[in-house]
Amino acid sequence: MVGGEAAAAVEELVSGVRQAADFAEQFRSYSETEKQWKARMEFILRHLPDYRDPPDGGGRLDQLLSLSMVWANHLFLGCSYNKDLLDKVMEMADGIEVEDLPQFTARSELMKKHQS
C-alpha cells in the first residue's frame with residue numbers, strides 16, 4: 001500500500017502545481033514571448049505563497065505582479081529602476097535561469113563614450 005500512498009501524494013502535488021500554473025496564466029501579457037512568460041511565471045509562482053491577498057484585500061498579489069514586471073522589464077528590455085528596487089527583485093529571482101538574454105548598454109555608459 002505504500003506505493004499507492006506515494007502515487008496519490010505525487011498526483012496531489014502535480015495537481016497543485018497545475019492549479020498554480022493555471023492561476024498564474026491569467027496574468028500573462030499578450031506581448032510576452034513564451035520565454036519571457038516562462039521566466040516571469042516562475043518568479044510569480046515562487047513567491048505566490050508569500051504574496052497572497054489577505055481576506056480583507058491589501059493588494060499583496062498586485063505588488064508581486066508589479067515586482068515580476070520590474071524584473072522582466074529589466075532582464076528582457078534593459079529598463080533601469082531604483083537600485084533598492086532592482087536589488088530586491090534580483091534577490092527574489094535568484095536561481096531562476098534564463099538563457100540567451102539580450103545585452104544592453106546603459107545610457108550613462110553611451111554618454112561617457114560619446115564625451116570621450
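Mentor: Happy to! The residues that line the largest pocket split into 3 nonpolar, 5 polar and 2 charged (Ala, Val, Leu, Ile, Met, Phe, Trp, Tyr, Cys and Pro count as nonpolar, Asp, Glu, Lys and Arg as charged, and the others, including Gly, as polar). Keep in mind that this is a predicted model, where local features need pLDDT of at least 70 and side-chain atom pairs pLDDT 80 or more, while totals for chains, interfaces and linings use all residues. Numbering runs from 1 along each chain as its sequence is written, and side-chain values use heavy atoms, without hydrogens and water.

One part of the lining is made up of His 74, Gly 78, Cys 79 and Ser 80. Phe 104, Thr 105, Ala 106, Arg 107, Ser 108 and Glu 109 line the pocket too. Helix α5, residues 107-115, contributes the most to this lining, with 3 residues. The space in the largest pocket comes to about 190 Å³.

Now follow the chain to the loop between α4 and α5, where you will find Asp 100. Its phi is near 55°, a positive value in a residue that is not glycine. Most residues other than glycine have a negative phi. Asp 100 has a relative accessibility of 69%, so it counts as exposed (over 50%).

At α4 itself, Lys 88, Val 89 and Met 92 meet Phe 43, Arg 46, His 47 and Tyr 51 of α2 (heavy atoms within 4.5 Å). The residues of that contact divide into 4 nonpolar, 1 polar and 2 charged.

Conventions. Helix = DSSP H or I, 4+ residues; strand = E, 2+ residues; numbered from the N terminus. 1 Å grid on protein atoms, 1.4 Å probe; cavity = no way out; pocket = protein on both sides within 12 Å on 5 of 7 lines; lining within 4 Å. Points joined across faces, edges and corners; volume = space filled by probe spheres on them. Buried < 20%, exposed > 50% of the residue type's maximum accessible area, 1.4 Å probe, protein only.
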